[in-house]
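User: Could you walk me through this structure? I'd like to begin with the overall fold and then turn to the aromatic rings.

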Amino acid sequence: MEADVPGAVLKRERTRDAVLELIESRSPGDAIPSERALCSLLGVSRPTVRAAVDELVAAGLLVREHGRGMFVAPAKITQELVAGDRSLTVPRAAGTWSSRLLEFTTLQAGARVGRKLRMSPAAEIVYVARLRLVDGAPMAIEHLHIRAELVPGLSAQELESGDLYEHLRTRHDVHVREAVQAIEPTVVTRAEAKLLDVPELSPALLFERLTSDTTGRPVEYVHSLYRGDRYRIVSRLALGPAAEVAPDREGHHPGIPPGDFAHGDTITSSTRGDIQTGG
């Protein structure tokens, strides 16, 4: 499936979410329907289902067993990297960041995204897929899911230029405060490889983030895929007391390009993202 066909990114995203919903409703070792059955259940083509399944197998969420079928993978061991003060200071990222919009639409949240955003599956969200670039070179693919009632009139221009969280603050009166984010290794699919200009199955970093406002209400669920050859994570661990250091307002957080959370908002993470100079 070509990455630039209208609706292609959204179709893959919805198929991936539907299979994830099946995985999350089962226990490790449980079987899930075959690819053929998933095609019938979801009303999509075999290549679309296979791409979603391949991605989830590569991410370690599904296991294929020859002659037996597909099964939910064993639970992953999670290590939280959170500093004592639950905040962090990071250096400014190299390069100039920009965005290219891939898809922009309003649709129903669905069960999985609705659960994350604490809203009805029938409630509307704004779905955005955008390619993030550094100095004109593709760096990441972002899938954003934002509560539609919070951003009436959200425009394509807001999503392609400037700081999204600044737009939320100044144009929509949405004040983000905290984000909880998970990071894990994966590989890119054929469609993702085309967008990122890397070989298929190249290593990548998967970021999943849930952002909340000052009242604790979930505002946005994002999952992003960053090129493994151009992006790395460095952890800063506090092993003892230290003097107060003023936060660097020019910094950025892994999976959150420069500018986001730049106005005093905090996130619950203590990892740092650096752009590598190598290609």
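Analyst: The chain holds seven helices and 11 strands, where helices (H or I, at least four residues) and strands (E, at least two) are DSSP runs numbered from the N terminus. This is a predicted model, in which local features need pLDDT of at least 70, side-chain atom pairs count only at pLDDT 80 or more, and totals for chains, interfaces and linings use all residues. Residues are numbered from 1 along each chain as its sequence is written, and side-chain values use heavy atoms, with hydrogens and water left out.

User: What share of the residues counts as buried?

Analyst: Of the 279 residues, 48% count as buried, meaning under 20% relative accessible area with a 1.4 Å probe and protein chains only.

User: OK, rings now. How many aromatic pairs are there?

Analyst: The count is four, taking rings of Phe, Tyr and Trp (its six-membered ring) whose centres lie within 6.5 Å, with planes under 30 degrees apart called stacked, over 60 edge-to-face and the rest tilted. The planes of Trp97 and Tyr226 stand at 50° with the ring centres 6.5 Å apart, so this pair is tilted.

User: Where do those two sit in the chain?

Analyst: Trp97 belongs to strand E4 (residues 97–108) and Tyr226 to strand E9 (residues 218–227), 129 residues apart. Trp97 counts as buried at 14% relative accessibility, and Tyr226 likewise at 0%.

User: And which kind of pair do Phe207 and Tyr226 form?

Analyst: Theirs is edge-to-face, at 5.0 Å centre to centre and 65° between the planes. Phe207 lies in strand E8 (residues 203–213), 19 residues from Tyr226, and is buried at 1% relative accessibility.

User: Which residues make up the cluster?

Analyst: Ring pairs join Trp97, Phe207, Tyr226 and Tyr231 into a cluster.

Key. Buried means under 20% relative accessible area, exposed over 50%, partly exposed in between (1.4 Å probe, protein chains only).
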